Amino acid sequence: MKYLHTMVRVLDLDKALDFYVNKLGLQETRRSESEKGRYTNIFLAASPDDPPLELTYNWDETEPYETGRFFGHLAYAVDNIYEYCENLQKQGVTINRPPRDGKMAFVKSPDGHSVEILQDGDALPIQEPWESMENVGSW
């Protein structure tokens, strides 16, 4: 058995791509559209060797998708969690759980998907003032 990819549905393809590509830094690896099925699939990855994230945009969907506990979150490791989250926050990304411990943070996509940001390697020394920054959501 081999792991292939994770798929999430998005309502606004432009907002989703802005979040995943421009803010998180993923790269588009493949795209397909189906006129008959009325959908677009875009595959994104942090590096060419990583399993992709598939964004599925159903052209006729207008109502938000229900969220459930069956989908936990996506997770990505970064070189410096504080700098990475500060950059996301400056771009208007909601930080649901700040990186208070130097190891882990959670951010929210435009469609409400939870994305875990992990410090690659050992935790960085604790840094503040994450408690007082704007765009910090409740955990």
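The model is predicted, so local features need pLDDT of at least 70 and side-chain atom pairs count only at pLDDT 80 or more, while totals for chains, interfaces and linings use all residues. Residues are numbered from 1 along each chain as its sequence is written, and side-chain values use heavy atoms, with hydrogens and water left out. Helices (H or I, at least four residues) and strands (E, at least two) are DSSP runs, numbered from the N terminus.

- Four strands make up an open sheet with mixed pairing, in the order β1-β4-β3-β2; two strands pair if DSSP finds at least two bridges between them.
- β1 and β2 are the edge strands, each pairing on one side only.
- From one strand to the next, the twist averages 20 degrees; axes are lines fitted to C-alpha atoms, for helices over the stretch in contact, and angles run from 0 to 180 degrees between N-to-C directions.
- Helix α1 packs on this sheet and touches β1, β2, β3 and β4, and its direction makes about 5 degrees with that of β3.
- Strands of a sheet pair through backbone hydrogen bonds, either parallel or antiparallel.

**Strand β3 and its partners**

- Six of the seven residues of β3 are buried, where buried means under 20% relative accessible area, exposed over 50%, and partly exposed in between (1.4 Å probe, protein chains only).
- On one side, seven bridges join β3 to the antiparallel strand β2 (residues 27-34), and glutamate 28 stands opposite leucine 44.
- The hairpin of β2 and β3 has four residues between the strands, and arginine 38 there takes a positive phi near 60 degrees.
- β3 also runs antiparallel to β4, joined by six bridges; isoleucine 42 has leucine 55 as its bridge partner, and phenylalanine 43 stands opposite glutamate 54.

**Asparagine 41**

- This residue of strand β3 is buried, with a relative accessible area of 11%.
- The side chain of asparagine 41 makes polar contacts with the side chains of glutamate 54 (3.4 Å) and threonine 56 (3.0 Å).
- A polar contact is a pair of N or O atoms within 3.5 Å; within protein, one must be able to donate a hydrogen and the other to accept it, and residues adjacent in sequence count only if both atoms are side-chain atoms.

**Helix α1**

- Aspartate 12 caps the N-terminal end of α1, with a side-chain oxygen 3.1 Å from the backbone nitrogen of aspartate 14.
- The buried residues of α1 are Leu13, Ala16, Leu17, Phe19, Tyr20 and Lys23.

- Leaving aside neighbours within four places in sequence, leucine 55 is in contact (heavy atoms within 4.5 Å) with residues including Val8, Leu17, Tyr20 and Asn41.

- Five bridges join the parallel strands β5 and β8, and leucine 74 has valine 115 in β8 as its bridge partner.
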